[in-house]
Amino acid sequence: MKRLSGWDVFMLASETPNVHQHTLKVAVVDITGFEGRATFEAFRDVFRDRLPVLEPMHFQMMATPWHLHRPVWHEDADLDLDYHLQRVYVPAPGGRRELDAVIGAIASTPLDRSRPLWQFYYAEGLADDRVAVIGKVHHVLADGVASANLMARALSDSEPRPAHAPAPTPTPMPTTSEVVRFAVRDHLARIRTLPSAVRDGVVGSYRMQRRARQRFAHPELAARFDPPPTFINHKLTPGRTFASASLPLADVKALSKKLEVTVNDLVLTVTAGALRQILRSYSEPADRPLVASIPTATDVSPDRITGNALATMLVSLPVQIADPMERLRLIRTSTRIAKEDHQLLGPTLVGRWLEFVPPTVTRATFGWMSRREAPNQLFNLIVSNVPGPRERGRVAGAVVTEFYSIGPLAAGAALNITVWSYVDQLSVAVLADDATFDDTHEVTDAFVAAFAELNETAGSNGGADLAAAPTG
């Protein structure tokens with residue numbers, strides 16, 4: 001048996017019929033160099049060979065008797081590969097939009113909790129001798145970093161492969177008495193950590209509030225807990241739509257170097273510019289800054305393939321500002337404040353607090369939030385920027401040419417934009433519910449246009465002074 005962390009339980013308990021909690025990883029593969037004939041059956045064989053190094057694929061959720069404790073993982077469950085490995089077809093002509101539609105349909109259905117919480121889809125029908133492998137992994141099993149590492153193991157020849165290694169032998173579910181003993185031991189261990197979690201929480205909150213009082217006022221930035229209402233903030237539908245695009249990573253890094261800013265601040269500035277375009281195109285006022293929830297990983301080890309090691313930051317996106325360079329200056333100020341608060345509070349503190357929140361409370365709270373016809377009260381959307389692999393993945397001679405990642409939506413916030421760098425490209429993925437946009441590619445088109453606008457403005461300014469406003 002294996003325990004679930006506070007973040008793991010949060011991801012499980014916050015799922016509702018219209019707010020799914022799975023992440024998607026999409027690998028586009030050039031099969032011209034594949035050793036043999038690239039078929040779904042060959043994919044199954046390759047994946048089956050990889051199972052000995054994909055231990056979390058055998059984890060199955062198991063409730064504790066009488067709800068004495070949070071669920072636990074049974075680590076050696078049997079697998080039905082007819083369920084976990086699916087074959088799908090991309091309609092002609094097999095381009096980006098057709099693949100994105102298939103990905104949206106896959107994202108629209110929840111995973112079966114009576115089975116290990118993952119599925120992989122082999123998508124045929126892409127143009128130019130390509131296939132796509134779409135990994136769908138529940139957030140309780142792995143966060144974005146861990147699920148990407150899992151997919152990298154599944155789709156890489158670099159991981160040592162045991163010669164004809166047998167798959168792990170499934171073991172029987174633990175008995176009731178074994179689970180009860182495990183639950184009692186874990187409860188006692190968690191109780192011993194409560195005093196330090198309370199102490200660190202009080203100290204961290206005091207430091208953060210004291211620092212907030214010392215800072216200069218920034219009226220151009222969003223106030224805490226005051227995201228403006230927009231058309232992307234509403235009760236979600238269960239259906240999902242997906243869109244993707246890419247930018248040359250060399251161009252992004254060159255602009256970042258020219259402006260002497262981080263790639264993350266550049267991505268957030270481009271996101272703000274894209275959202276400004278989108279709001280105006282839907283006749284929405286772009287007169288107040290939006291608030292983005294930025295997930296951050298507290299453990300980015302390439303060896304971590306399970307669990308959630310997370311924190312979040314709230315960053316103001318100044319969509320009300322027309323000048324891209326001024327938006328960038330404000331973004332730098334906002335991210336600096338968010339990072340400072342993150343450190344003052346403690347990057348792992350929220351995860352420690354979640355250890356003591358009963359799952360029933362989380363389920364009731366998020367069930368109520370997901371049913372409300374109301375916007376999210378903390379943020380407008382989720383934005384994530386993750387540095388990815390610098391080398392191309394290879395599978396039996398086939399080359400992974402593109403890689404996209406996307407996380408879930410949140411109650412009352414129907415938009416997630418995830419940017420993932422892969423080798424020489426910046427991959428942009430967008431997830432929305434199916435009631436928000438006429439065409440979700442409007443968001444990726446706006447993102448590409450906002451990057452071009454910033455690049456052009458930076459060129460005409462010759463590298464303006466972007467010193468961030470003082471935070472106090």
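This is a predicted model: local features need pLDDT of at least 70, side-chain atom pairs count only at pLDDT 80 or more; totals for chains, interfaces and linings use all residues.
View 1. Arg87, at 35% relative accessibility, counts as partly exposed.

**View 2. The salt bridge between Asp143 and Arg304.** Here Asp143 forms a salt bridge with Arg304, the closest N and O atoms being separated by 3.0 Å. The two residues belong to distant parts of the chain, 161 residues apart: Asp143 is in the loop between β7 and α5 (144–154), whereas Arg304 is in the loop between β9 (290–297) and β10 (310–317). Asp143 is buried, with a relative accessible area of 0%, and Arg304 is buried as well, with a relative accessible area of 11%.

View 3. Glu340 and Arg215 form a salt bridge in which the closest N and O atoms are 2.7 Å apart. Because Glu340 lies in helix α9 (residues 324–345) and Arg215 in the loop between α6 and β8 (240–248), the pair ties together parts that are 125 residues apart in sequence. Glu340 is partly exposed, with a relative accessible area of 26%, whereas Arg215, at 12% relative accessibility, counts as buried.

View 4. Strand β2 (residues 22–30) is mostly covered, as eight of its nine residues are buried. With strand β7 (residues 130–138) it pairs in the antiparallel sense over nine bridges, and within this pairing the bridge partner of Val26 is Ile134 in β7. Strand β13 (residues 398–406) also runs antiparallel to β2, and seven bridges join the two; here Leu24 has Ile406 of β13 as its bridge partner.

**View 5. The open sheet of β1, β4 and β3.** Three strands, in the order β1-β4-β3, form an open sheet with antiparallel pairing. The edge strands, each of which pairs on one side only, are β1 (2–3) and β3 (60–62). Three bridges join β3 to strand β4 (residues 72–74) in the antiparallel sense, and Met61 has Trp73 of β4 as its bridge partner.

**View 6. The surroundings of Asp439.** Asp439 has its place in the loop between β15 (425–433) and α12 (441–461), and is partly exposed, with a relative accessible area of 27%. Leaving aside residues up to four places away in sequence, Asp439 touches Arg97 and Tyr282. A polar atom of the Asp439 side chain lies 3.0 Å from the backbone nitrogen of His441. The C-alpha atoms of Asp439 and Thr241 are separated by 8.5 Å, although these residues are 198 residues apart along the chain.

**View 7. A nonpolar surface patch that includes Ile191.** Val184, Leu188 and Ile191 make a nonpolar surface patch of about 280 Å². Ile191 is found in helix α6 (residues 176–214), and this residue is exposed, with a relative accessible area of 55%.

Notes. Residues are numbered from 1 along each chain as its sequence is written. Side-chain values use heavy atoms; hydrogens and water are left out. Patches are made of residues with over 30% relative accessible area and no salt bridge: like charges are joined within 9 Å, nonpolar side chains (Val, Leu, Ile, Met, Phe, Trp, Tyr) within 5 Å. Accessible areas come from the Shrake-Rupley method with a 1.4 Å probe; for residues, only the protein chains shown count as cover. A salt bridge is a side-chain nitrogen of Lys or Arg within 4 Å of a carboxyl oxygen of Asp or Glu. Helices (H or I, at least four residues) and strands (E, at least two) are DSSP runs, numbered from the N terminus. Buried means under 20% relative accessible area, exposed over 50%, partly exposed in between (1.4 Å probe, protein chains only). Two strands pair if DSSP finds at least two bridges between them. Contact means heavy atoms within 4.5 Å. A polar contact is a pair of N or O atoms within 3.5 Å; within protein, one must be able to donate a hydrogen and the other to accept it, and residues adjacent in sequence count only if both atoms are side-chain atoms.
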